Amino acid sequence: AFQTAHPAPVSSSGWYWPSVYELKQVCWGQGVTSQGTSGKSMLNPLIGKVGGTSFVDDYYWSSTESSNLSNYARSVYFFDGPVVSLNKRSNAYRVRPLLAF
């Protein structure tokens, strides 16, 4: 339904659900190796300029499942950037599809 309502540009990869490593880069910032929110702080004003929905201070699911716990998946907390494993059956958090050009 999201893809139908928001068609991806022809020159892009199409919408996809980011891995935990990609989601960390979005939150932390490109090339940053420790948690933080410089990426989110840089992106939110740009997203706002094109009428998009900014990232909020909440958990965002990645497409990466936890290797040792089958009911858990990796998430990034966009308040201050830590990566955590959360139970995917008992937690409802945000998802953010991305595009690659």
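Q: Is valine 26 buried or exposed?
A: In this predicted model, valine 26 is buried because its relative accessible area is 12%, and the cut-off for buried is under 20%.

Q: Which helix is valine 26 in?
A: Valine 26 is part of helix α2.

Q: What does valine 26 touch, leaving out residues up to four places away in sequence?
A: With those left out, valine 26 touches Gly39, Lys40, Leu43, Phe55, Phe78 and Leu98. Leucine 43 is 17 residues away from valine 26 in sequence, and their C-alpha atoms are 8.0 Å apart in space.

Q: What else is buried in α2?
A: Val26 is one of the buried residues of α2; the others are Val20, Leu23, Lys24, Cys27 and Trp28.

Q: And what covers the buried residues of α2?
A: The cover includes helix α3 and the strands β1 (59-65), β2 (72-77) and β3 (83-87).

Q: Take valine 20, then. How does valine 20 count, buried or exposed?
A: Valine 20 counts as buried, because its relative accessibility is 5% and the limit is under 20%. Like valine 26, valine 20 lies in α2.

Q: Which residues does valine 20 touch, not counting those up to four places away in sequence?
A: On that count valine 20 touches Ser62, Thr64, Arg74, Val76 and Val83.

Q: What comes just after α2?
A: Glycine 29 does, with a positive phi of about 110°.

Q: On to α3. Which residues are buried there?
A: Helix α3 covers residues 38-49, and its buried residues are Gly39, Lys40, Asn44 and Ile47.

Q: Where do the buried residues of α3 sit, seen down the axis?
A: They fall within an arc of 120°, so they line one face of the helix. As background, an α-helix has 3.6 residues a turn, so residues three or four places apart point the same way.

Q: What covers the buried residues of α3?
A: The cover includes α2 (20-28). In turn, α3 is among the elements that cover the buried residues of α2.

Q: Which glycine follows α3?
A: Glycine 51 follows α3, and its phi is positive, near 80°.

Q: What does tyrosine 16 touch, not counting residues up to four places away in sequence?
A: Its contacts on that basis are Glu22, Arg96, Pro97, Leu98, Leu99 and Ala100. Leu98 also touches valine 26.

Q: Now the whole chain. How many helices and strands are there?
A: The protein chain has 3 helices and 3 strands, and from the N terminus on they run α-α-α-β-β-β.

Q: What about burial and surface?
A: Of the 101 residues, 31% count as buried. The protein chain exposes about 6,400 Å², with 54% supplied by carbon and sulfur atoms.

Q: How many positive and negative side chains are there?
A: There are 8 positive and 5 negative side chains, and the centres of the two sets are 3 Å apart.

Notes
Residues numbered from 1 in each chain as written. Predicted model: local features only at pLDDT ≥ 70, side-chain atom pairs only at ≥ 80, totals over all residues. Heavy atoms only, no water. Helix = DSSP H or I, 4+ residues; strand = E, 2+ residues; numbered from the N terminus. Buried < 20%, exposed > 50% of the residue type's maximum accessible area, 1.4 Å probe, protein only. Areas by Shrake-Rupley, 256 points an atom, 1.4 Å probe, with all protein chains shown as cover. Lys, Arg positive; Asp, Glu negative; His and termini not counted. Charge placed at Lys NZ, Arg CZ, Asp CG, Glu CD. Arc of directions from axis to C-beta. Contact = heavy atoms within 4.5 Å.
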